[in-house]
Amino acid sequence: MPKWQALYYDEPIAIDHGEGRYVWDAEGKRYLDFFGGILTTISGHGVPEVVEAIRDQASKLLHSSTLYLIPNAIELAEQIASLSPIPNAKVFFATSGTEAVEAALMLATSARRSNQVLALRNSYHGRSFATVAVTGNRGWSATGLSPFQVAFVQNGYRYRSPFRDLPDDAFITACAEDLRNIIETGTAGDIACLIAEPIQGVGGFTVPPDGFFAAMKAVLDEYGILFIADEVQTGWGRTGEHFWGIEAHNVVPDAIVFAKGIGNGLSLAGVVAQPELMDSLPANSISTFGGNPLVTAGALANLRYILDHDLQGNAREVGGQLIQRLQALAGEAVAVGDVRGKGLMIGVELVEPGSTRPSAAAAGRVLEACREGGLLVGKGGLYGNVLRISPALSLTPAEADEGYAILESAIQGSG
Ligand SMILES: Cc1ncc(COP(=O)(O)O)c(C=O)c1O
């Protein structure tokens, strides 16, 4: 396998099986899973209702292709459309976040007949040519070849923003004015879209102030620029207060990209878009595996589980308490520069003591110490110095306590 497909830990681990919020490695050691397969196992490992649905469908039919009706896919599309804030939305299914972002970018650039795109600094949207082109993070930009002309705009990441000391309203205005300035000075004007993660995932769970994207969209609207929300990490109740991350901004995007959590581990992704935009492609387009009978059966059961068990409410409660405890810890631990997040999407930014200088070394030490203590956490941020905490939304208060205790001692010992 390629060396650019990086592994965590000095001594990498192989995950053998999981149950609930725990996984076991091939040597039998148990870990509390605070990364959830990169925010994917949203309901938990081995959820019986989801496993049963997959098992039943596997014995019935795995694949037929979108040339024939797939009842599970139709039902799921209807449910996702009605859960989305986009009126009369249509849904296209793909197999990965990358493929779904590609589809959304193809829709916007076709509809607007323009290859000019705006993206946020420090963004991550996938691994293909088009998605790397809109990725604003050097560590994930493997090529400069691009199908687009891309201009990168302010992302609302206050801790490392030139506007960091401004109060929320002035901060938002400064970012929106900067967007206008980039449109006027760095583009040819007829821009297709802005693509943005409501909370940046790989970028280190950076959270802009609520209302940030409303101000950005007001500028976009002046120029007829479409707005795509990449909810690959923030969707399905992850942020606790809303079902979609973008809803914190009181704004309706033209398209939403989804992936990860909907399949609880199955390869399912897609785009929800307003109908004229979705139907704007001037040629046939197909994803052979997208929305196949197996993944959509699992996703339907998973979505039912998310809604029936109010996992969003649990993320708000349990995640809210965890954020508060970590913020209190930030006051004591010199290596913690910033704690931020919503629901069960929590970033802990590690710095050199007494400064805002990023410390990737401290993040590496904490990751190893957590692993030793039986806890898996993620890492991210432009400088690889942000811990990413994103367990299944079914996390119990006792599991949150257990994880916090391991994290606390790992952070205290890292400085
Ligand atoms: C916001 C966002 N968009 C797109 C992607 C790409 O998804 P995938 O890895 O499924 O292709 C990711 C993956 O982490 C992501 O976080």
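Trainee: What do the buried residues of α6 pack against in this model?

Mentor: They pack against β5 (116–120), β6 (149–153) and α7 (212–223). Keep in mind that this is a predicted model. The buried set in α6 includes Phe 171, Ile 172, Cys 175, Leu 179 and Ile 183.

Trainee: How do you know that Cys 175 is buried?

Mentor: Buried means under 20% relative accessible area. Cys 175 has 0%, so it counts as buried. Cys 370 gets the label by that rule too, because its relative accessibility is 0%.

Trainee: And what is the span of α6 from its first C-alpha to its last?

Mentor: Helix α6 covers residues 168–186, which makes 19 residues, and it reaches 26 Å. That is close to the 27 Å expected at 1.5 Å a residue.

Trainee: Back to Cys 175: how do you know that it is in no disulfide?

Mentor: A disulfide needs two cysteine sulfur atoms within 2.5 Å. The structure holds 0 disulfides. For Cys 175, the nearest cysteine sulfur belongs to Cys 193 and is 19 Å away.

Trainee: Which residues of α3 are buried?

Mentor: Asn 72, Ala 73, Leu 76, Ala 77, Ile 80 and Ala 81. They cover an arc of only 155° around the axis, so they sit on the same side of α3. Their packing partners are α2 (48–60), β4 (90–94), β9 (255–258), β10 (269–273) and α9 (293–308). On the face turned away from that buried side you'll find the exposed residues Pro 71, Glu 78 and Ser 82.

Trainee: Why is strand β12 called largely enclosed?

Mentor: Because 6 of the 6 residues in β12 (residues 345–350) are buried. Met 345, Gly 347 and Glu 349 point one way, Ile 346, Val 348 and Leu 350 point the other way, and all are buried.

Trainee: Which strands pair with β12, and in what sense?

Mentor: Strand β11 (residues 336–342) pairs with β12 in the antiparallel sense over 6 bridges. Strand β15 (residues 386–389) also runs antiparallel to β12, joined by 4 bridges. Look at Val 348 in β12: it is the bridge partner of Val 339, and in β15 its partner is Leu 387. The hairpin of β11 and β12 has 2 residues between the strands, and there Gly 343 takes a positive phi near 55°.

Trainee: Why is Ala 398 called exposed?

Mentor: The label exposed needs over 50% relative accessible area. Ala 398 has 53%, so it counts as exposed. Its C-alpha is separated by 9.6 Å from that of Val 318, 80 residues apart along the chain.

Definitions and conventions. Residues numbered from 1 in each chain as written. Predicted model: local features only at pLDDT ≥ 70, side-chain atom pairs only at ≥ 80, totals over all residues. Heavy atoms only, no water. Expected span 1.5 Å × (residues − 1). Buried < 20%, exposed > 50% of the residue type's maximum accessible area, 1.4 Å probe, protein only. Contact = heavy atoms within 4.5 Å. Pairing = 2+ DSSP bridges. Arc of directions from axis to C-beta.
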